[in-house]
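I opened my notebook to look up how this chain is put together. Here is what I went through, entry by entry.

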Amino acid sequence: MSDSPQVPVLRRPRTLRATVAAAVLSAVLLTAGCGSTGANSHDPKAAGAPRKGFPVTIDNCGVRTTYDAPPTRVVTIHQHPAELMLALGLKSRMVGTAFPDSAVLPELKQDFEAVPELAEREPSFETVLDAEPDLVYGGYGSAFDEKEGRSRKAFADAGIDTYLNREYCGKKQVTMEDTYDEIRTIGKIFGVSDRAEKLVSTLEGDVDKAASAVENEPEVPVFVYDSGDKTAFTAGGKSLGTELIRLAGGRNVFADLDDVFGDVSWEQVVDRKPEVIAIYDYAGAGSVEQKKKFLLSQPALADVPAVKNERFVVLPLTATLVGIRSAYAVGDLAGGLHPESVR
């Protein structure tokens with residue numbers, strides 16, 4: 001493939017940009033009272049006062065943490081944890097974020113830009129410490145990379161609590177229930193369970209509507225193309241992307257890959273005859289047009305139904321992760337797989 005257009009390879013799971021009805025999140029944010037005092041206040045007395053429902057103990061990826069009060073200084077590493085917190089009206093608790101990799105949801109853009117960006121990628125351990133957080137919330141496993149000095153133990157030794165997005169606990173296939181549970185858990189940690197339940201209810205309704213529209217349609221085989229040229233970096237069976245494809249009336253042709261993401265050969269792609277290719281869009285891995293050009297230029301892929309018919313669906317990577325966007329991805333996918341049923 002040396003004479004082919006090259007698509008940059010980035011060996012890391014990443015995020016998405018989706019079109020979202022403004023009324024959904026704005027209604028949640030209004031309920032959350034983003035600009036209010038009280039639960040979101042940084043007032044030391046308020047932070048130290050007894051809170052109803054606390055202490056709260058959370059088991060997260062093998063780490064048990066007890067919160068005597070809601071955290072007041074949070075650093076999020078990766079975009080989807082930041083957006084989840086903002087959707088729950090927790091902007092005033094955030095003292096830093098890092099690694100934005102797609103356009104922020106329009107409803108959250110102003111609040112997101114108000115939070116200091118600590119680094120373009122994962123910040124160093126020292127940079128995080130400089131922000132003086134009491135909690136670090138990571139989106140990918142790389143947030144707590146031991147080789148980079150950011151292990152959860154290192155933060156614990158520094159007196160800082162940590163929380164890792166449950167998609168990277170690595171024990172089982174991730175489903176939409178994990179998304180709902182993630183929202184509920186963050187709501188519980190911050191004492192805003194009522195907001196979390198309202199958000200979950202809205203997202204469940206969106207997913208049910210999209211899934212119902214295609215439930216009687218034939219299953220469409222889908223190949224997820226994240227990046228890669230010599231091999232294809234794709235979503236495996238443990239990824240939320242596999243569940244989103246299923247709900248949208250499709251089947252991930254690499255659902256048997258026992259990981260969240262992984263490499264497969266182009267020969268395997270050809271053998272599995274996908275009818276649609278879902279292209280994950282995010283910063284640092286080539287544009288969507290570059291990826292399409294690469295796929296269409298490969299002689300070995302010429303007879304793959306999705307390539308022959310140029311059937312591509314584009315998903316911002318963040319929409320395929322455990323976070324607030326995944327519910328909207330089901331509708332976007334369903335429209336791409338079954339355009340006659342979803343209008």
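In which sense do strand β8 and strand β12 pair, and over how many bridges? I found that β8 (residues 220-225) and β12 (residues 276-281) pair in the parallel sense over four bridges. For V222, I looked up the bridge partner in β12, and V276 is the one. Strands here are DSSP runs of E of at least two residues, and helices are runs of H or I of at least four, numbered from the N terminus; two strands pair if DSSP finds at least two bridges between them.

A note on the source: this is a predicted model, where local features need pLDDT of at least 70, side-chain atom pairs count only at pLDDT 80 or more, and totals for chains, interfaces and linings use all residues. Residues are numbered from 1 along each chain as its sequence is written, and side-chain values use heavy atoms, with hydrogens and water left out.

Next I followed the sheet. Four strands form an open sheet in the order β10-β8-β12-β13, with parallel pairing. Its edge strands, β10 (250-252) and β13 (312-316), each pair on one side only.

Then I checked the helices against the sheet. Helix α9 (residues 240-247) lies across β8, β10 and β12, while helix α13 (residues 326-337) lies across β8, β10, β12 and β13.

Last, I took the whole chain. I noted 13 helices and 13 strands. Buried residues (under 20% relative accessible area, 1.4 Å probe, protein chains only) make up 54% of the 343 residues.

Technical notes: Buried means under 20% relative accessible area, exposed over 50%, partly exposed in between (1.4 Å probe, protein chains only). Contact means heavy atoms within 4.5 Å. Axes are lines fitted to C-alpha atoms, for helices over the stretch in contact, and angles run from 0 to 180 degrees between N-to-C directions.
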